Amino acid sequence: MYKRESGEEVHDRHTKNEENKTMREKTIEQKLVQAVKAKSGIAPKFVSPGFSGVPDRLILLPDGKCGFVEVKVPGGKPRPLQESRIRLLRRLGFLVFVLDDEIQIPHILSEIGGDSGGV
């Protein structure tokens with residue numbers, strides 16, 4: 001048993017593990033958003049009603065550069081539907097990345113074109 005910040009007692013240890021994964025994923029995602037902003041870009045959350053499995057973030061950088069990023073916990077892998085969407089987007093010619101460690105962020109932004117403008 002453990003207590004959430006709200007004081008609520010939780011008896012399922014799996015719930016705590018899921019919360020830890022979510023927190024780590026959110027931390028990586030926040031660092032991505034900050035890095036994109038530092039390059040004078042934006043990283044809106046990408047939600048597509050009726051078309052599940054799309055990557056988490058759309059990365060839009062100066063000079064019309066764009067790409068997609070699926071954020072995972074360290075060592076995490078995309079679900080089968082997410083893999084299918086990633087393949088589809090890549091077949092259409094888009095850059096799509098799976099990010100599971102913040103040290104990958106500079107490389108991803110460089111690949112998308114973050115060195116070509118901005119800051």
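Colleague: How do I read the accessibility of Phe46: buried, partly exposed or exposed?
Modeller: Start with the cut-offs: buried is under 20% relative accessible area, exposed is over 50%, and partly exposed is in between (1.4 Å probe, protein chains only). Phe46 has 26% relative accessibility, so it counts as partly exposed. Bear in mind that this is a predicted model, where local features need pLDDT of at least 70, side-chain atom pairs count only at pLDDT 80 or more, and totals for chains, interfaces and linings use all residues. Residues are numbered from 1 along each chain as its sequence is written, and side-chain values use heavy atoms, with hydrogens and water left out.

Colleague: And the whole protein, what share of it is buried?
Modeller: Of its 119 residues, 34% count as buried.

Colleague: How many aromatic pairs are there?
Modeller: A ring pair is described by the distance of the centres and the angle of the planes. Rings of Phe, Tyr and Trp (its six-membered ring) pair if their centres lie within 6.5 Å; planes under 30 degrees apart are stacked, over 60 edge-to-face, and the rest tilted. This structure holds two such pairs. In one of them, Phe46 and Phe68 have ring centres 5.5 Å apart and planes at 50 degrees, so that pair is tilted.

Colleague: Where do Phe46 and Phe68 sit in the fold?
Modeller: Phe46 is in the loop between α1 (13–38) and β3 (57–61), and Phe68 is in strand β4 (residues 65–71), so the pair ties together parts that are 22 residues apart in sequence. Helices (H or I, at least four residues) and strands (E, at least two) are DSSP runs, numbered from the N terminus. Phe68 is at 7% relative accessibility, so it counts as buried.

Colleague: What is the geometry of Phe68 with Phe94?
Modeller: Their ring centres are 5.6 Å apart and their planes stand at 85 degrees, so this pair is edge-to-face. Phe94 lies in the loop between α2 (80–91) and β5 (96–99) while Phe68 is in β4, so the pair ties together parts 26 residues apart in sequence. Phe94 has 35% relative accessibility and counts as partly exposed. Put together, ring pairs link Phe46, Phe68 and Phe94 into a cluster.

Colleague: Which charged residue lies over the face of Phe51?
Modeller: The test is whether NZ of Lys or CZ of Arg is within 6 Å of the ring centre and within 35 degrees of the ring normal. Arg85 lies over the face of Phe51, at 3.8 Å from the ring centre.

Colleague: Back to β4, then. Which strands are in its sheet, and in what order?
Modeller: Sheet strands pair through backbone hydrogen bonds, either parallel or antiparallel. Here two strands pair if DSSP finds at least two bridges between them. Three strands form an open sheet in the order β3-β4-β5, and the pairing is mixed. β3 and β5 are at the edges with a single partner strand each, so one side of each has no neighbour in the sheet. On average, neighbouring strands are turned by 30 degrees against each other, direction ignored; the axes are lines fitted to C-alpha atoms, for helices over the stretch in contact, and angles run from 0 to 180 degrees between N-to-C directions.

Colleague: How many bridges does β4 make with β3, and how many with β5?
Modeller: β3 and β4 run antiparallel and are joined by five bridges. Ile59 has Gly67 of β4 as its bridge partner, and Leu61 stands opposite Lys65 in β4. β4 and β5 pair in the parallel sense over four bridges, with Val71 opposite Leu99 in β5. Five of the seven residues of β4 are buried, so the strand is largely enclosed by the rest of the structure.

Colleague: What about the turn between β3 and β4: which residue takes a positive phi there?
Modeller: That hairpin has three residues between the strands, and Asp63 takes a positive phi near 70 degrees, although it is not a glycine. Asp63 is exposed, with a relative accessible area of 57%.

Colleague: Which side chains of α3 are buried?
Modeller: In helix α3 (residues 105–112), Ile105, Ile108, Leu109 and Ile112 are buried. Seen down the axis of α3, the buried residues fall within an arc of 95 degrees, so they line one face of the helix; the arc is taken from the directions from the helix axis to the C-beta atoms. Gly113 follows α3, with a positive phi near 125 degrees.
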